[in-house]
Amino acid sequence: MTIDDAPRDALRGGPRELLRWVATGAAVSRADLSRLSGLSPSTVSQRVEALISQGLLEEAGAGRSRGGRRPRQLAVPTGGAVVGAIDLGAHHARVGVLDLSGRVVQARTLPVRIEDGPEAVLGALLAEVATLVSSDPTAGGGAVAGGSTGGALRGVGIGIPGPVQHSTGRIVSPSRMPGWNGFDVAAFCAGRVDVPVIVDNDANLMALGAHRTAHSELDHAVYIKAGTGIGSGVISSGRLHRGAQGSAGDISHCRVVADPAPPCTCGNAGCLEAVASGAALVTALREQGVPVSDLTGVIRLIDDGDRQATALARQAGRAVGEILAVVVNFFNPQVVAIGGRLADCEPLLASMRATLYERCLPLATQTLLIERVAAGQDLGITGAAHLVIDHVVAGA
Ligand SMILES: [Zn+2]
């Protein structure tokens with residue numbers, strides 16, 4: 001596989017990358033960082049000192065010496081809950097605290113009623129972050145929602161299941177979030193938290209979490225999140241690509257071939273979300289007289305080999321594959337990975353894959369990896385934590 005790593009060279013040796021090399025174990029000393037980055041030892045030392053003074057790196061013990069003084073080993077401080085993360089879904093939210101290496105220290109899943117509105121839902125979730133931080137003996141207190149200000153918490157990352165204008169942290173025309181349109185999540189949270197709050201959509205968080213966890217060596221990747229809604233996150237030249245407003249990767253209202261074309265919440269008909277999302281499958285099955293109440297019920301029917309549910313899952317997979325083929329031809333990623341609750345749905349995956357191969361240029365699919373995103377409910381909060389860590393490092 002040929003990796004065009006020229007764009008990455010621009011980032012090579014930046015504080016984020018130095019920190020990442022230490023966090024992933026690629027480097028344990030200043031000498032390693034100098035070798036990996038191609039930077040002079042004095043430049044590396046300067047950057048490392050800045051990271052140490054910010055508490056983002058620490059020196060631990062002595063490394064192996066090749067004669068002379070033993071090099072001091074570098075490490076990312078681990079164990080303390082220093083980043084808060086919230087991954088909000090349609091019915092549940094995953095809330096966690098993570099350390100600076102992006103490792104989950106504590107996390108829990110809470111039921112959520114989106115229709116209760118943003119103040120109630122976000123207020124409760126921020127309070128939960130405060131509880132997790134204050135219950136972590138190594139964290140030294142929190143700085144959230146009236147908690148003590150021990151200074152341990154460095155920021156909170158929040159994922160929203162709808163379009164987020166990245167520059168402002170405002171939600172814009174979400175499909176299934178009554179009362180949330182135009183809500184300024186960042187401003188609301190800033191009034192309750194005295195650390196930076198970074199807001200993004202849930203597909204971007206999953207993409208960032210999956211990329212940092214499983215594909216950090218790949219520069220170009222597309223991650224589809226297929227759950228109640230459907231969206232995607234794009235990694236370009238190793239970084240999350242948001243576009244001008246933050247809507248890059250939002251494939252939910254791309255039109256697919258469907259006859260009849262089901263009406264979509266956006267006012268159009270035949271959108272990917274109206275054909276292939278979990279919510280669409282629930283609606284379509286109900287219209288066929290199948291008494292199913294939620295996505296869990298749909299997945300159970302598909303697992304049981306139910307004929308109607310399986311046919312709908314295949315149709316959904318074709319629709320996702322159709323849109324993804326355009327994305328792959330246009331963007332030429334190294335990997336396409338699908339996550340979310342529908343990712344385990346075999347008929348959907350099989351027809352997505354077949355459509356993708358059928359519709360893509362051979363050059364685009366020659367070495368393309370098509371995968372499931374590694375299972376686990378913590379990719380969203382891991383991505384949220386990395387957003388915060390990147391922000392903290394950028395300011396270091
Ligand atoms: Zn639509």
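**Zinc site, sheet and aromatic cluster**

The four donor atoms around the zinc ion subtend angles of 101 to 119°, which makes the arrangement tetrahedral (four donors count as tetrahedral if all angles lie between 85 and 135 degrees). This is a predicted model, in which local features need pLDDT of at least 70 and side-chain atom pairs count only at pLDDT 80 or more, while totals for chains, interfaces and linings use all residues. Residues are numbered from 1 along each chain as its sequence is written, and side-chain values use heavy atoms, with hydrogens and water left out.

**Zinc site**

- The zinc ion takes its protein donors from H253 (ND1), C264 (SG), C266 (SG) and C271 (SG), at 2.0 to 2.3 Å; donors are N, O and S atoms within 2.8 Å of the metal (3.2 Å for Na, K and Ca), and water is not among the atoms, so sites may look incomplete.
- The spacing of these donor residues in sequence is H-x10-C-x1-C-x4-C.
- H253 and C271 are 18 residues apart, both in the loop between β12 (239-240) and α8 (272-276).
- H253 is partly exposed at 33% relative accessible area, whereas C271 is buried at 2% (buried means under 20%, exposed over 50%, partly exposed in between, with a 1.4 Å probe and protein chains only).

**Sheet and helices**

- Five strands form an open sheet with mixed pairing, in the order β5-β4-β3-β6-β9; strands (E, at least two residues) and helices (H or I, at least four) are DSSP runs numbered from the N terminus, and two strands pair if DSSP finds at least two bridges between them.
- β5 (104-111) and β9 (197-201) are the edge strands, each with a single partner, so one side of each has no neighbour in the sheet.
- From one strand to the next, the twist averages 15° (axes are lines fitted to C-alpha atoms, for helices over the stretch in contact, and angles run from 0 to 180 degrees between N-to-C directions).
- Strands β3 (residues 83-88) and β6 (residues 155-160) run parallel and are joined by five bridges; I86 has I158 in β6 as its bridge partner.
- Helix α5 (residues 118-134) lies across β3, β4 (92-98), β5 and β6, at about 35° to β4; contact means heavy atoms within 4.5 Å.
- Helix α14 (residues 379-394) lies across β3, β4, β5, β6 and β9, at about 135° to β3.

**Aromatic cluster**

- The whole structure holds two aromatic pairs (rings of Phe, Tyr and Trp, its six-membered ring, pair if their centres lie within 6.5 Å; planes under 30 degrees apart count as stacked, over 60 as edge-to-face and the rest as tilted).
- W180 and F183 have ring centres 6.5 Å apart and planes at 65°, so the pair is edge-to-face.
- F183 and F188 have ring centres 5.6 Å apart and planes at 55°, so the pair is tilted.
- These ring pairs link W180, F183 and F188 into a cluster; W180 is buried at 0% relative accessible area, and both F183 and F188 are buried.

Key: Four donors count as tetrahedral if all angles lie between 85 and 135 degrees; four count as square planar and six as octahedral if opposite donors are over 155 degrees apart and all others between 65 and 115; anything else is irregular.
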